[in-house]
Amino acid sequence: MKQDFIPLEALRANKPGPANTAVLKATGREPSSPRYWRSLEELSGAKLPEREPDGEPDFAAKLSEKSRRRFLELMGASLGLAGLTACTRQPTEFIVPYAQPPENAIPGRPMHFATAVPVDGIAQGVIVETHLGRPTKVEGNPAHPSSLGATSVLSQSSVLDLYDPDRARVVTYLGNQRSWDDFINAFHQSAGLLQAGAGLHILTQTVCSPTLGSQLKAVLEALPQAKWHQYHPTGAHSAYSGAQLAFGRPVNTVYRLDRADVILGLDSDFLACGQASTRMAREFAVRRRQGNRLDMNRLYVIESILTSTGGKADHRLPMRWADVEVFARDLAAAIGVKGMAASNNNPHQQWISAVAADLMAHYGASAVIPGDHQSPGLHALAHAINAALGNAGNTVVYTQPLEVQPVDQIASIRDLAGAMDAGQVQLLLILGGNPAYDAPADLDLSNRLKKVRTVFHVSQHFNETSVLCNWHVPETHVFEDWGDARAHDGTVTITQPLIEPFYDAHSHAQVLDVLLQFPPRNSYEILRGYWMGEHTGARGQGPGASGRGAAAGGQRLGASGRGPAAGGQGAAAGGQRLGASQGPEGARGQGPGASQGTDFEFEAWWRKSVHDGLIADSAVAEIKPAIAADLSQLPAPAQRNGIELVFRADPYINGGEYANNGWLQELPRPMTKLTWDNAVHLSPATAKRLGIGDQRVVRLNYRGRKVEGVTWIAPGQPDDSITIHLGYGHTNLGRAANGAGFNAYLLRTSDSPWSGDGLQVEKTGRSFPLATTQMQQTLEGRTLVIEDAVGRYQQDPDFVKHLVDEPEPDTTLYPAWSYTGYLWGMSIDLTACVNCNACVVACQAENNIPVVGKEQILSRRGMHWLRIDTYYKGAAENPQAFYQPVPCMQCEKAPCELVCPVQATQHSSDGLNDMVYNRCIGTRYCSNNCPYKVRRFNFLLFQDWVTDTLKLQRNPDVSVRSRGVMEKCTYCVQRIRQGEIRSADENRYIHDLEVQTACQQACPTQAIVFGDMNQRANRISQLKSEKLNYALLAELNTRPNTTYLAELRNPNPALNAQNGGGRG
Amino acid sequence: MTVEEKQLETTRRPEPGDAPAVIAPGQTFGAVTAQISSVPLLRRTIPPLWYIAVAIGLALVLIFLVTVSYLFGTGVGILGLQIPVAWGYPITTFVWWIGIGHAGTLISAFLLLLNQPWRSSINRFAEAMTIFAVICAGMFPILHLGRPWVAYWILPYPNTMTIQPQFRSPLVWDVFAVSTYFTVSLLFWYLGMIPDLATLRDQSKNRFSYAFYGILSWGWRGASRHWRLHETASLLLAGLATPLVLSVHTVVSFDFTIAILPGWHSTIFPPYFVAGAIYSGFAMVLVLMLPIRAAFGLDNLITERHINNCAKLMLTTGLILAYTYAIEPFTAWYSGDQFEIALVHNRAFGPHAWTYWGVILCNVLIPQLLWIRRFRVRTKPLFAISVVILYGMWLERYMIIITSLHRDFLPSAWANFIATVWDNFLVFGSIGVFIVLFALFVRFLPMISMYEVRELLPFSRPGGGSEK
């Protein structure tokens, strides 16, 4: 290091300039060579103390012959001592203090920065916790409309994507390492050869980012012959086409479920999937608990696979994918949508009349939600029904589309394939995505790509597409660079960097800028330049100088330890915080020019927007489109023969872009609890008819294309309908993704992207084990989940008490412990839980929970501290589903405590059941004696102690457990202790809801509430005194501090009678 | 008439009645001593069976060492353990070995106090069996630990952490119970062996064995004062060991009964476990005794009467066990507790039902053959029945542990247990350890108590054998 010491700023590849180039030349180093670093000092280039030349290298050589015996003595002694140190050997590390500490950085105290996590263009505003420059945990941004303080699974897991060890690290040309400068030169030259951009095609995913959009438009203006294609495999294609059908124009639909008394989901998993689901689930739950839970909304769900939303429904009807549109037609007719005629032979006529009556009884206060996987026709019908029910503008709000340029993405990618065939594509720039893997199979992009002279690909992984491209540029993670993104309602968030890019990675905007100017600007300049232009127009609405004041105070609840304006300033410094030797700091250092620095008004607006995580009043305009088409002219869905095949995005890895995220791979799928694989979902009756068992390998023969998958007999699946999830079967993405599941894209064609008939299922005679975290999904007649209709609760508010056999408090030999300080407790509202699993992945991120892999899940050694038990009741064709999150119950009379021989699990004076990892010897008796089976054991060395990037993600406040020790939910004790320290500093008690557990904070529906039960006024105390409150397995007298609120549902009496009680 | 002839004279008297003698007729002090001491002292008396046993045992020990190395290096995850079944083969095998030890103590201490003379010819190796079984048992709780290198934390010792074991945990009681048991058994065994070791010292043909047995015999000269002290110490230790027969397995059963788990949380467990322990212990005594008797030609010292008595004790304890098997479903039904009822149902008809019915078959049905005298006195069927009981008792512990754990309160946590090859290696490896230890004992120590057998001879009775 000592000769070719390069200052960090010189290595900032996104800041090329004469000065830098000079430095680079002087050091003789390629600017973008891969940099592996082992310490922050090495990364930042801080000079390490020189080792004395005659220091310790050869101790033995310095000993004279006389002292040879002494040497041997010492060796013997040290060998003996080495044996005593058991099995861990710590590497030598240097602790070097900051010479110039970054502003507001207090070692040991996290800092929080607002940004957003986009998923296919739609962003959720988040606040990211960083520890000395390392983003470790994502929390929701309470001010952001898509978050309201909660997070989706994908937002939570995004931090692991940042540290993904399989990310592409260097710019490559034909697989060989190149520099960023090489790339921009090559790209610039290739583009320059084209006449007005003729032959240049740009393929992006769905673009909602205003800045990137403006760049694309500028490129198309500058190079009028160039073509822009958009394609995302699981984008809202049908919503676009459906809006075109209904309104003749694209719209964005925002559902306001807090105003909806009756909701009809048409094959839509709106409570658990997508970045808008967090908001929708919150509104749904708030409405569901309205009026002391007596004024409850009602949810009907018709769907082609059992989803979290369907399981939550008061009435659920499994239906083949193709029949849902037929159902919607007849429903539209029953409701009286103009021009619609009932088919009169719908087998679900009773359902239709009941639902129609209920919807019409709530004019303007209902919502019909079509699924993204459904047909355009269904979307059009849903728009018509919503219009007829007076919902449009009330519960269903239409806005301008979020996309910069809404297109039919299937047509767009088809156009690209056509242009490739015609030899028109000279130069293809693929910004993100993996089209060779996920484009429709009939387009065969992996072969067509070979017809293009030069392909540039920018993506985070060197994936299946990258291997077919000439150039590959690593893409920055959203936490590494500047950018912007829109929420589900259009609200813009400036996404700020939280850490220096790990590798030679660059944003889409930066790559695209090569086409606009040379050399390209960096992302910050592009972004700020764009918003400076935008803001000028909106100066009158600017927030003004008062925005500065808003920067004071904590973003995270109770984070009062943070200094004023920490967010805003730290934000600007985000990209540089690692470098202790950094000179210029903040926006000034990176700003496009001094002239803008004088624009105080813009600066204040900018800082406030960056700090708050959203640009105020930036939501897209509401519109009131009229139904343009006569929907009776809609072609009726074709009659389906045989078994239909339905494609769906995976609830977690979506279209496959998150497939290399170990947290997501191991997160149990909501209903099946499957991990690490996708499956061929088929109903029990279909399986029986086909003579196929569970977890058997079958060959799906779909219109001449074949793929092998593994069966999963799924309750609640409609007969003769097989669902497969997209996103699996990667061959070249990363260690977690490769080989997991089968590739459903091999069957998916552009003419029927979501479903089609004519599927043949062929047996292979082989079986293949699928790893599920819950093998038994029946309740076995046990009173574990208490639920009833809201009417019953109204009649008999004490019905829960009659079902629970709780022993008297004095059935013990010992006197009760009196809690004089805090007594922590948790309440979990089963009515509110929608099984989205955000809590599980939040717990995993917060508590350094390892990923164990499929083999270990199969051996039942999953490590999740919190699990959501999903139970089914009733017939397997259409069961009732119940969700029960189960963390450690923190029993007052904990069975685990008295059986531990070494006192490794103890009761704390504030009611926690503490686990002392260092003391645990691993008898596992505690787990045997835990009736809730919430304890997790490190049977092997599950933690990854080797991969450097993963170490950075870990929460420094939580022990990283090694092999042989038991672990479990601690109620996020580190957060409690931080709260105690904070409140003690201020000489006060911890406020209500000041300390939140990770699961609570992530929960979209606020189903989990945690707090001090000793304070009467606290929310937790109120919930505990509710009549619905009950303890799981209360008869065991464990006296858990975690209790549940029984689930209430609101079935429709009319439908209930017809269904014979089969549902609810 | 020489002393020798006089001894023969007394033993030649016909036996009144048809009960087989404890010692076959025609024995003298010298003959008994020569016969027993020839095994440790003379190489040529070692039968081929001994070499075969050692070969098999060492092979299994090798497997055991490989398994243990892998286990310590990698973690208990190589076994079939999981959540919810966090105890598996190691604890099953621990309880099994501890149980086996019990018969030895019962024979040597309990029957000594009850003044049962027939115990004399089998107590030595029954005690050895106890020692080795406890050694094998003692390894398993450590092998089963997640962090075996800190196993000593379970002991109360002064430490800088000023932390003591948690005395409410039955695992701590286990440590005390088993270590006490081991200490008392070892002392008792060794103390009883001192006069015989002195005999071997006196009979030894070379310096090495003279030194070896000389050191071990602590200068025993056979003085009457020695004998008096020896007798007193033996009685005291027998008095100490006798309650241990009942207490150790009672404490082991507490490992289960203290837990709130259905299938474990039961008051019948202490007698149930003690009966089961003695049952399996006698099965092991017979499994060891019958081949050794045949291989070393010990029919004259271990007679049909010993075998018959062991078989009868086995049958008795087996019936006690059958009773507890029968009472378990009744208790579950009578309690009305849904979890207990579900457990009984799951044991009998769940995925591990084969263990339940296997236990019934091996421990209850097949041993009923012992009502027939032929099966009690003929060695081959008895050996087979004993092996079946040993397997049945292992299966019983497997059933208690696995079927209770794998389906407890919350169905969401239910799982199936599948052992790995390493689980089986551990079990068979420990059997190898036992075989090797026992073979070494048979080869180098007096496997039958010479002085006690000599006491059985009519000649040593008051009056020189004038009465039986």
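**Notebook: sheets, helix pairs and the A–B contact**

I started with the open sheet in chain A that has 7 strands in the order 5-4-16-15-14-6-7, with mixed pairing. For my own record, strands (E, at least two residues) and helices (H or I, at least four) are DSSP runs numbered from the N terminus, and two strands pair if DSSP finds at least two bridges between them. Strand 5 (176–178) and strand 7 (227–230) of chain A are the edges; each has a single partner strand, so one side of each lacks a neighbour in the sheet. The twist comes out at an average of 20 degrees from one strand to the next.

A note on what I'm looking at: this is a predicted model, where local features need pLDDT of at least 70, side-chain atom pairs count only at pLDDT 80 or more, and totals for chains, interfaces and linings use all residues. Residues are numbered from 1 along each chain as its sequence is written, while chains are lettered from A and ligands numbered from 1 in the order in which they are written.

Next I looked inside that sheet. Strand 15 (residues 454–459) and strand 16 (residues 471–474) of chain A run parallel and are joined by 4 bridges. Which residue of strand 16 is the bridge partner of His457(A)? I found His472(A) there.

Strand 37 pairs with strand 38 (residues 1042–1045) of chain A in the antiparallel sense, over 2 bridges. I noted Tyr1030(A) opposite Tyr1044(A) of strand 38.

**Strand 11, chain A**

Strand 10 (residues 298–303) and strand 11 of chain A are parallel, with 4 bridges between them, and Val301(A) stands opposite Arg316(A) of strand 11. Are the faces of strand 11 (residues 315–318) covered or open? Both are covered: His315(A) and Leu317(A) on one side, Arg316(A) and Pro318(A) on the other, are all buried (20 or more other C-beta atoms within 10 Å of the residue's own, with C-beta atoms placed from the backbone).

**Helix pairs, chain B**

I checked helix 4 (residues 89–113) against helix 14 (residues 379–406) of chain B: their axes come within 9 Å and cross at roughly 135 degrees. (Axes are lines fitted to C-alpha atoms, for helices over the stretch in contact, and angles run from 0 to 180 degrees between N-to-C directions.) That makes helix 4 of chain B oblique to helix 14 of chain B; angles under 35 degrees count as roughly parallel, over 145 as roughly antiparallel, 65 to 115 as roughly perpendicular and the rest as oblique.

Helix 6 (residues 170–203) and helix 8 (residues 224–257) of chain B pack at about 155 degrees, axes 9 Å apart. Helix 6 and helix 8 of chain B are therefore roughly antiparallel.

**Where A meets B**

Last, I looked up the two chains together: 44 residues of chain A are in contact with 41 residues of chain B (C-beta atoms, placed from the backbone, within 7 Å). On the side of chain A that touches chain B, helix 31 (895–899), helix 32 (925–928) and strand 34 (936–937) are the elements giving two or more residues. I logged that side of chain A as 22 nonpolar, 12 polar and 10 charged residues.

Note on methods
Buried ≥ 20, exposed ≤ 12 C-beta atoms within 10 Å, placed from the backbone. Nonpolar A, V, L, I, M, F, W, Y, C, P; charged D, E, K, R; others polar.
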